[in-house]
Amino acid sequence: MLKVGVLGAGHLGKIHLRLLNQSDKYELIGFFDTDAENGKKISDEFGYAYFDSLDELIDAVDVVDIVTPTLSHFECAKKAIAKGKHIFIEKPITNTVEEAETIRTLLAENNVKGQVGHVERFNPAFTAVKDNIKNPMFIECHRLAEFNPRGTDVPVVLDLMIHDIDIILSVVKSSVKNISASGVSVISDTPDIANARIEFTNGCVANLTASRISLKNMRKTRFFQKDAYISVDFLEKKCEVVKMKDAPTQPGDFDMILQNAEGVSKQIYFDNPEVSNNNAILDELETFADAINNNTKPVVTLHDGTEALRVATMIINQF
């Protein structure tokens with residue numbers, strides 16, 4: 001079991017503490033939070049060991065789980081890596097691309113592993129269909145949330161849209177060619193609603209909309225590719241795969257057949273995979289333990305996190 005410590009005991013930090021405490025791949029040593037009063041309260045309530053200093057906790061563990069506000073990710077990661085510790089770091093990886101590049105360099109120099117908390121990669125609806133997503137040419141994402149003051153210290157692109165940016169970059173095997181975007185600040189100092197169009201060198205186009213001032217929650221992405229349409233509902237954890245193949249010469253009574261203007265007939269059929277019931281946060285933490293123990297590449301590397309932040313920054317710079 002890997003000894004792990006958590007930095008940050010806010011809303012997400014408390015979830016990480018609970019899951020790490022129940023994992024059989026980690027031994028939860030304790031946590032640190034800059035708010036000592038909050039830290040001692042959580043320690044009293046749940047029994048997790050509260051450390052008085054950041055350095056003291058880092059020294060006591062093998063893995064540092066960074067769940068602090070984004071602005072502090074860089075300094076926390078630097079300290080942990082300098083002491084030879086593996087790091088799990090929440091998204092976005094850092095506040096700037098330059099900071100992310102520095103962390104990647106330090107990680108390589110100190111021969112430790114890092115993973116970024118892009119949790120939607122572990123969403124069971126996405127993992128169920130990701131092998132069906134091959135060379136998508138049009139992608140449409142809607143990530144809408146009801147207003148929550150937590151997270152409004154950063155633009156909605158870094159708060160919400162970055163989830164979809166990472167998913168898109170993980171399935172489109174091509175470089176970004178062009179980005180156009182617009183954003184509107186409605187009740188925050190930074191944009192609360194944003195739309196971005198990402199064009200890739202291979203011709204794929206992704207259209208992303210993110211809002212944190214919606215009347216309902218929605219997290220849906222649709223992938224269109226030759227002979228297939230794939231829909232992922234990240235919120236409801238449902239997926240749908242609609243495929244097309246050459247129509248049989250003698251269609252059955254219930255076969256769905258389409259014929260185009262050239263007379264080519266295609267059969268439509270559904271190939272919906274089973275969606276497992278998993279805890280995505282626990283999965284991302286435990287696959288990182290596997291990567292450390294087996295000396296394999298983490299599922300979401302620091303390179304992945306850096307590229308997601310790079311594209312997010314390019315979008316924000318359009319506003």
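Glu140 lies in strand β6 (residues 138-144), where helices (H or I, at least four residues) and strands (E, at least two) are DSSP runs, numbered from the N terminus. The model is a predicted one, in which local features need pLDDT of at least 70, side-chain atom pairs count only at pLDDT 80 or more, and totals for chains, interfaces and linings use all residues. Residues are numbered from 1 along each chain as its sequence is written, and side-chain values use heavy atoms, with hydrogens and water left out.

With a relative accessible area of 18%, Glu140 is buried, a term that means under 20% relative accessible area, with exposed over 50% and partly exposed in between (1.4 Å probe, protein chains only). Its side chain is joined to that of Arg222 by a polar contact of 2.8 Å. Such a contact is a pair of N or O atoms within 3.5 Å; within protein, one must be able to donate a hydrogen and the other to accept it, and residues adjacent in sequence count only if both atoms are side-chain atoms. Leaving aside neighbours within four places in sequence, Glu140 is in contact (heavy atoms within 4.5 Å) with Asn207, Lys220, Thr221 and Arg222.

Strand β6 belongs to an open sheet of 9 strands with mixed pairing, in the order β7-β8-β9-β6-β10-β11-β12-β14-β13. Two strands pair if DSSP finds at least two bridges between them. At the edges stand β7 and β13 (256-259), each of which pairs on one side only. From one strand to the next, the twist averages 15 degrees. Strands β6 and β9 run parallel and are joined by 7 bridges; Cys141 has Leu208 in β9 as its bridge partner. Helix α7 (residues 156-171) packs on this sheet, touching β6, β7, β8, β9 and β10 (218-225), and its direction makes about 155 degrees with that of β9. For these angles, axes are lines fitted to C-alpha atoms, for helices over the stretch in contact, and angles run from 0 to 180 degrees between N-to-C directions.

Within the sheet, strand β7 (residues 176-184) runs antiparallel to β8, with 8 bridges between them. Asn178 is partnered with Glu199 of β8, and Glu199 has Val205 as its bridge partner in β9. Strands β8 and β9 (residues 205-211) pair in the antiparallel sense over 7 bridges. They form a hairpin with 4 residues between them, and Gly203 in its turn has a positive phi of about 100 degrees. Helix α9 (residues 302-316) lies across β7 and β8, at about 55 degrees to β7.

Another open sheet has 5 strands in the order β2-β1-β3-β4-β5, with parallel pairing. Its edge strands are β2 (26-32) and β5 (114-117), each pairing on one side only, and the twist averages 20 degrees from one strand to the next. Strands β3 (residues 63-66) and β4 (residues 86-90) pair in the parallel sense over 4 bridges, with Ile87 of β4 as the bridge partner of Val64.

Finally, the axes of helices α4 (residues 73-82) and α5 (residues 97-110) come within 10 Å and cross at roughly 10 degrees. That makes α4 roughly parallel to α5; angles under 35 degrees count as roughly parallel, over 145 as roughly antiparallel, 65 to 115 as roughly perpendicular and the rest as oblique. The contact involves Phe74, Ala77, Lys78, Ile81 and Ala82 of α4, together with Glu99, Thr102, Ile103, Leu106, Leu107 and Asn110 of α5.
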